[in-house]
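Me: I have a structure open and would like to talk through its ligands. Could you take me through them one step at a time?

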Amino acid sequence: MLANKILNFINGEFVATDKWFENRTPTTNAVIGQVAEAGKAEVDAAVAAARAALQGPWGSMPLPGRVELLEALVAEINNRFEEFLEAECADTGKPRSLAAHIDIPRGAANFKVFADMVKNVPTEFFETPTPDGRTAINYGYRRPVGVIGVICPWNLPLLLMTWKVGPALACGNTVVVKPSEETPRTAVLLGEVMNKVGIPKGVYNVVHGFGPDSAGEFLTTHPHVDAITFTGETRTGEIISKAAAIGSRPVSLEMGGKNAAIIFADADFDAAIEGTLRSCFVNCGQVCLGTERVYVERPIFEKFVAALKAGAEQMKIGVPEDKETGMGPLISKEHQAKVLSYYQLAVEEGATVVTGGGVPDMPGELKDGCWIQPTIWTGLPETARVIKEEIFGPCCHIAPFDTEEEVLQKANDNQYGLATAIWTRDVSRAHRVAQRMEVGLAWVNSWFLRDLRTPFGGSKQSGIGREGGVHSLEFYTELKNVCIKL
Ligand code: NAD
Ligand code: 6OD
């Protein structure tokens, strides 16, 4: 059953405050709970608990003990899979089929993969001749960074939070998590799981609230937080980056995108349509890696637009429980208004609306929900704001191109550089284009196909740093060189 009071989790205890904010579900926009907002005092308490835990049993626990606890955590997330699923779908309105396939399994995998990694990844070793004819040995030694502040978005709440917390804990750190104000539930449920499996008090803490003058700001400006990892909008990342500069603290930023898909005429047409339907519309278009600009080689342009339109129009918009649902609502009324303002702007900028462009008719209490139509445009100039700015909704503009050089220039002409999906059967071209795209992640004949050992992150205004695989170990540990003269 869903909790209607959503509390902070500090030092292993569930903590209420005297300030509450509403938790709404986007399918109806109804209030389904009240969230206890953490003030300065609660953030202080959470950071102090996380610092103290570094000195307690967690700090002195040998690696196998830590790994064993994280494996127990994975098992317990899987035991309580249904509760996580219910909580995530209530907060986001996303289809259960999607959350059961991606959000919750990845929530568990993020602990498993990094627990395995800390066991198996070695550090460097060098033998060094010394001037007096003897030898020194050098080896790398990793120690935890300390208390990590984790600031999370709302689009894949458990997945993106554990993507940071998994490696942070595997490396021996402690964390204070600030979930998005829109999606507080699964972070708290994870607190129950931490207690159940015996993760020591203070290792994992959750504080609820907003950004400015609330828990987000209190956490990121807290002098006893040793490093900050953030996922969210670029302009928020810039503020957090400034906060991290005080005290010269490391920061990892995963931020916005305006990703291009490139479809060459030789691509497997059906695969390209299926992949582009997913990259444009899955999670109601609220995936940072999602496609909002589609470039299609001219000989197949008309056919591609028609097929993508047919696919978008076949997608059932509905509630999480309905097995037929292909697309849920946007996260909030505020975000719906933002996406709709871009739908209007597209028309003002001269777009042809191929499909969608508004709000679908929904029955009964769903009328008040945050629904939106999947939308496709053509005909905009490359200078249009709709082509340049991140919308973060289920929409894309499709433009034709004639040459590889032309499409590379257009696709790269953007302030963001997160991801791309390239569809072609020409292997040489696939490598060439992937290498010349100014992005952190280039998929060829696929999209959002993840191996957690690989580097993940954005270039340009999409991010700073890489996480994933050993890159997460780089961020969540302080690597020391030990030099011993023999
Ligand atoms: P957001 O930046 O509005 O909020 C993210 C988090 O930051 C929230 O928890 C929020 O409360 C907090 N926050 C806001 N202002 C703050 C401040 N001044 N100080 C401290 N914390 C503050 O982002 P969002 O709307 O939750 O998420 C959508 C955005 O996230 C999109 O731009 C999307 O592209 C991006 N995103 C990027 C990735 C990636 O991996 N690159 C992944 C998911 C989402
Ligand atoms: O798969 C991941 O590890 C990841 N960070 C995905 C981000 C998706 C953005 O919405």
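Me: Happy to start with ligand 1. Which residues come nearest to ligand 1?
Reply: Keep in mind that this is a predicted model. The shell around ligand 1 holds 32 residues. Of these, the ones that come nearest are Cys 152, Lys 178, Glu 181, Thr 236 and Glu 390.

Me: Thanks! What distance separates an oxygen atom of ligand 1 from an N or O atom in the side chain of Glu 390?
Reply: Let's work through the polar contacts, where the N or O atoms must lie within 3.5 Å. Glu 233 uses a backbone N or O atom, 2.9 Å from a ligand 1 oxygen, while the side chain of Thr 236 has an N or O atom 2.7 Å from a ligand oxygen. For the side chain of Glu 390, the distance to an oxygen atom of ligand 1 is 2.6 Å.

Me: How much of the accessible area of ligand 1 does the protein cover?
Reply: On its own, ligand 1 has 850 Å² of accessible area. The space that ligand 1 takes up is the largest pocket.

Me: Which elements give two or more residues to the shell around ligand 1?
Reply: By class, that shell has 16 nonpolar, ten polar and six charged residues. The elements giving two or more of its residues are helix 8 (215-220), strand 11 (227-231) and helix 9 (234-245).

Me: On to ligand 2, then. Which residue has a polar backbone atom 2.8 Å from an oxygen atom of ligand 2?
Reply: The residues around ligand 2 include Arg 106, Trp 163 and Cys 288. Arg 106 puts a polar side-chain atom 2.8 Å from a ligand oxygen, and the side chain of Trp 163 has an N or O atom 3.5 Å from a ligand nitrogen. The backbone contact at 2.8 Å to an oxygen of ligand 2 belongs to Cys 288.

Me: What percentage of the area of ligand 2 does the protein bury?
Reply: Taken alone, ligand 2 exposes 310 Å². Its shell is made up of eight nonpolar, one polar and two charged residues. Domain 1 and domain 2 both contribute to that shell, so ligand 2 lies between them. The buried part of its area is 99%.

Key:
Residues are numbered from 1 along each chain as its sequence is written. Chains are lettered from A and ligands numbered from 1 in the order in which they are written. This is a predicted model: local features need pLDDT of at least 70, side-chain atom pairs count only at pLDDT 80 or more; totals for chains, interfaces and linings use all residues. Side-chain values use heavy atoms; hydrogens and water are left out. A residue is near a molecule or strand if one of its heavy atoms lies within 4 Å of it. A polar contact is a pair of N or O atoms within 3.5 Å; within protein, one must be able to donate a hydrogen and the other to accept it, and residues adjacent in sequence count only if both atoms are side-chain atoms. Accessible areas come from the Shrake-Rupley method with a 1.4 Å probe; for residues, only the protein chains shown count as cover. On a 1 Å grid over the protein atoms alone, a cavity is a set of points where a 1.4 Å probe fits but cannot get out, and a pocket is an open set with protein on both sides within 12 Å along at least five of seven lines; lining residues have an atom within 4 Å of a point. A molecule sits in a cavity or pocket if more than half of its atoms lie within 2 Å of its grid points. Helices (H or I, at least four residues) and strands (E, at least two) are DSSP runs, numbered from the N terminus. Ala, Val, Leu, Ile, Met, Phe, Trp, Tyr, Cys and Pro count as nonpolar, Asp, Glu, Lys and Arg as charged, and the others, Gly among them, as polar. Domain bounds come from an automatic or database domain assignment.
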